[in-house]
Amino acid sequence: MVAYIIRRLFGAVLTLLIVSMITFGIFYLVPRWAGGTANDLASRYVGRTANPEQVAEAAHGLGLDKPFFVQYWDWLQAIFVGRDFAFGATQAHCPAPCLGYSFIGRNPVLPDILDRLPVTASLAFGAAIIWVIFGVATGVVSALKRGSIFDRAAMGIALGGVSLPIFWTGLVSLVIFSYTLHWTKPGGAYTPIEQNPGEWAYSLLLPWITLALLFSAAYARLTRAGMLETMGEDYIRTARAKGLRERTVVTKHGLRAALTPIATIFGLDVGLLMGGAVLTESTFSLPGIGKYAIDAINANDMPKVMGFVIFAAGFVVIANLIVDVVYAVIDPRVRLA
Amino acid sequence: MKRRLVTGVAVGVAAALALAACGGGGTDSNTDSSTGGTAVAAFDAANGKVFNPSEKKGGTLKMAISSDWDSVDPGDTYYGLSWNLARLYTRSLTMFKVGPGKTSSELTGDLAEGLGTPSDGGKTWTYKLRQGLKYEDGTAITSKDVEYAVSRSLEKATLVNGPTYFNDFLDLKGYKGPYSSKGQDNPAIDTPDDRTIVFHLNKPFGGFDYFAQIPATAPVPAAKDTGAKYKEHVVSSGPYKFESYEAGKGFKLVRNDQWDQSTDPNRKALPDGYDVTIGANADDIDNQIIDGSLDVDIAGTGVQPAALSRVLGQPDIKERADNPLSARLNYTSINPNVPALKNIECRKAVEYAADRTTYQTAYGGPQAGGEIATGLLPPQIPGFQKLDVWSAGADNKGDLDKAKAALQACGSPNGFETNIAYRAERPKEKATAEALQQSLARVGIKLTLKPFPTGDYFALYAGKPSYRNTNNLGLMVNSWGADWNDGFGFLSQIVDGRVIRDTGGSSNLSVNIPEVNSMVDQAIAETDTAKRDALWGQIDKRVMEEAVILPGVWAKQVTVRSKNTTNVFVNDAYGQYDYLSMGVQ
């Protein structure tokens, strides 16, 4: 088990390294292939009034005129030793671990992302709890009462939930619940949990429900399909024949087996969301990592986008690892070797 | 057009001014300049007059914007909304008079007791500071702090965003700023005593009082200056100071108890504080203002298309909306250097044949788009005169008879072919190109649409003389906003032929008339305001006569405010609500 985890950790680091190389290549190498010069890259960071000499000076001060691999190496080693930049006569320092330095905002990227992590984490975990409870429960009941009105209605709603984009459901529910009925907080309302847990939950209620609607729909359909399959297995008949209570049969024998694929996608979904729920955060004006990424892209702030990609990729990789380990716990048939 | 920002660059011959973006005014042709107030809610009630006048202090004004602007550092900002907002926490040497309608077309002293005194034919400008000025920490503000603030704003490698007027016009003698030229004194600025500051220019400039209202003249204590990081801890000289600042997320302003009302005749300082949220969803901002959760969208560029029909369609919301005019001209440059348009008669044909009403529709119609323009200078800029050089007919749909006659005179009675360039990512410019394609086809002028990437439009394509001339870009869709409302701020970068550079980058795509160039020099040096304004008006007319610019619309937008706001009016200097004067109920 330990050896397995260590091996997987190495794999994770290698994955991140490859992701960083590809991303770095997209931002810094592809523009060069397309004929862009170091000065073209630098011109994004020098304001609107700069003359060609000032642009060239900035390109040099920010290290954009170095060969590609040197630039990548500078970026990589900055994670461990930090890095300095020159803006004309003034210096800027990005302390280790330096995941990049925003040339527009003039600050290191990592503290910004960590500052926004609680928002994204609050959103992701709150929504995850709701969608797992509702999604799985609905799926189980639908499977057990297959063909009933509940089943049809639930699956119909689920289909709608999967199909409706969050920027639509989000804005419509804001108009209905916040601005018309005044039941929930308006967009952009976020209270940190350490300030006031009640306000925290209240302010996030609508984003949670909207985001959970999207996911619980998918989970309900998956659970239903999985349950229908397992409940038809021989060992379920055996369990019933043993005289076990129906509840035990359903939860311990049926659901547990059906949960394995759910756990897999759950881990990946949460991992992805932790890397920024871009649409939800933008719709509800939540200052999370996804919003940070969108703002960075709109501002053409490449170091920020680069830092975000690595950070988000890190979460997906970690989520994958956890899922694989948890697999063995849920399903004894899986052996880690 | 989320932000008021024109891409362009500066460093020209006469004046390396970056173009800009900054907002612009708002007196519409249908508003008078009376400064009386009204409490009757109606559409456009806060445009040209004060709606809901109030002296009541207290409350918090809640502001939001969908995307961040350059900086809150007064020495590092070039956004109109930012200059509007900076007056809350900084005081510059001069400022636009605070009031609706034409009030703001005049400048007045802010830190300074009054406007500057020119000497040496406009090459030296002297200002006298008021008595009793203090920073938020209680220390006295002296003329040395203003000198330091202007000097640091010269450091464009560190503070990249602001305009370059001081770099271009001060007689710096090689001085680069307090970071680069450490320990040196700025030779262009003298401070004979703590209340006097003298600027020495490298050439006469009559409108220096406009430079003196740039936020870069707001005092910065040298000991507290942290370069690019100063924006995180701006030291207040105005009625409000920063309580908190979170990069990219927002900030809170609270009262600065060291600010003394008796030193400041221009500010009312009604609210107790301001909550500014940055990065909110643009559609949600409109909804929250309509609902009352927010008070104003500080972008000032009007409601999103999603909310427009609701705002204009529901009487109870429409009566909280206004329709200000910006100092922005959306126009099309006519390139006299392509073979088909070398002859002025062919250019005249374009002017006559263009349907101005479809041009207006392309930008969103009379309310959300703008007023049909007949010249370059927008109506709220001093020196404006109603021109009618190329009449588009009584219905503004173009004068086809005159267009055909011009084509005849040009020697191409059946029309000609050329290309029209526009920025691909701008739907309104695409719609403009299509509208012109249709209306010019009526007289046989065939246009081929040529979209270009927005970011490189001026640097590599339309803005580069070699490219536009060899690729037959006869027409180029363009747009321009003034740094401030005067002829220099609006015209110098788009009509002075000497700002055109072979390397590209200038927003002037078609105007290079030697006579206009010398008229510009004359206007820049003129220190008499009335004479100077009249000169800029003449320049406008002269450029129009050359038929190298097809004016489209003077931009307008539909803006909405919450029902909680008091003392609301559009400040023409910014083309936005006056953030300094607004209060809450």
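Helices here are DSSP runs of H or I with at least four residues, strands are runs of E with at least two, and both are numbered from the N terminus. This is a predicted model: local features need pLDDT of at least 70, side-chain atom pairs count only at pLDDT 80 or more, and totals for chains, interfaces and linings use all residues. Residues are numbered from 1 along each chain as its sequence is written, while chains are lettered from A and ligands numbered from 1 in the order in which they are written.

**Stop 1: a helical span**

Select residues 156-180 of chain A. The span is 92% helix and 0% strand. Its end C-alpha atoms lie 27 Å apart. Now select residues 200-222 of chain A. Here the chain is 100% helix and 0% strand, with end C-alpha atoms 31 Å apart.

UniProt positions follow the numbering used here, feature names are shortened, and annotations may be inferred rather than shown by experiment.

**Stop 2**

Of its 337 residues, 41% are buried. A residue is buried if 20 or more other C-beta atoms lie within 10 Å of its own, exposed if 12 or fewer, and partly exposed in between; the C-beta atoms are placed from the backbone.

Next, colour residues 117-327 of chain A. The unreviewed UniProt entry annotates them as "domain: ABC transmembrane type-1". This span is 82% helix and 0% strand, and its end C-alpha atoms lie 27 Å apart.

**Stop 3: two domains**

Colour 2-98 of chain A as domain 1 and 110-335 as domain 2. These bounds come from an automatic or database domain assignment. The C-alpha centres of the two domains of chain A lie 34 Å apart. Their contact takes 13 residues from domain 1 of chain A and 12 residues from domain 2 of chain A. Two residues are in contact if their C-beta atoms, placed from the backbone, lie within 7 Å.

On the domain 1 side of chain A, the residues touching domain 2 are eight nonpolar, three polar and two charged. Nonpolar means Ala, Val, Leu, Ile, Met, Phe, Trp, Tyr, Cys and Pro; charged means Asp, Glu, Lys and Arg; the others, Gly among them, are polar.

**Stop 4**

Select helix α4 of chain A, residues 68-81. Its 14 residues should span 20 Å at 1.5 Å a residue, and its end C-alpha atoms are 20 Å apart, which agrees. The expected span is 1.5 Å times one less than the number of residues. Just after α4(A), A:Gly82 takes a positive phi of about 80 degrees.

Move on to A:Pro97, in the loop between β2 (90-94) and β3 (101-102) of chain A. A cis peptide bond joins A:Ala96 and A:Pro97, with omega about -5 degrees.

**Stop 5**

Centre on A:Leu286, in the loop between α11 (278-283) and α12 (289-298) of chain A. Is A:Leu286 buried or exposed? A:Leu286 is buried, because 27 other C-beta atoms lie within 10 Å. Its contacts, leaving aside neighbours within four places in sequence, include A:Val119, A:Leu123 and A:Tyr190. The C-alpha atoms of A:Leu286 and A:Gly187 are separated by 7.5 Å, though the two residues are 99 residues apart along the chain.

Now find A:Asn300, in the loop between α12 and α13 (302-330) of chain A. Its phi is near 60 degrees, a positive value in a residue other than glycine. A:Asn300 counts as partly exposed because it has 14 C-beta neighbours inside 10 Å.

**Stop 4: chain B**

Bring chain B back. In chain B, 35 residues are in contact with 30 residues of chain A. Helix α5 of chain B (residues 282-291) gives the largest share of the chain B side, five residues. By class, that side of chain B has 12 nonpolar, 15 polar and eight charged residues.

Select strands β3 (residues 60-65) and β12 (residues 273-278) of chain B. They pair in the parallel sense over six bridges. Strands pair if DSSP finds at least two bridges between them. B:Met63 has B:Val276 as its bridge partner in β12(B).

Finish at B:Asp120, in the loop between β6 (117-119) and β7 (124-128) of chain B. Its phi is near 55 degrees, a positive value in a residue other than glycine. B:Asp120 counts as exposed because it has 10 C-beta neighbours inside 10 Å.
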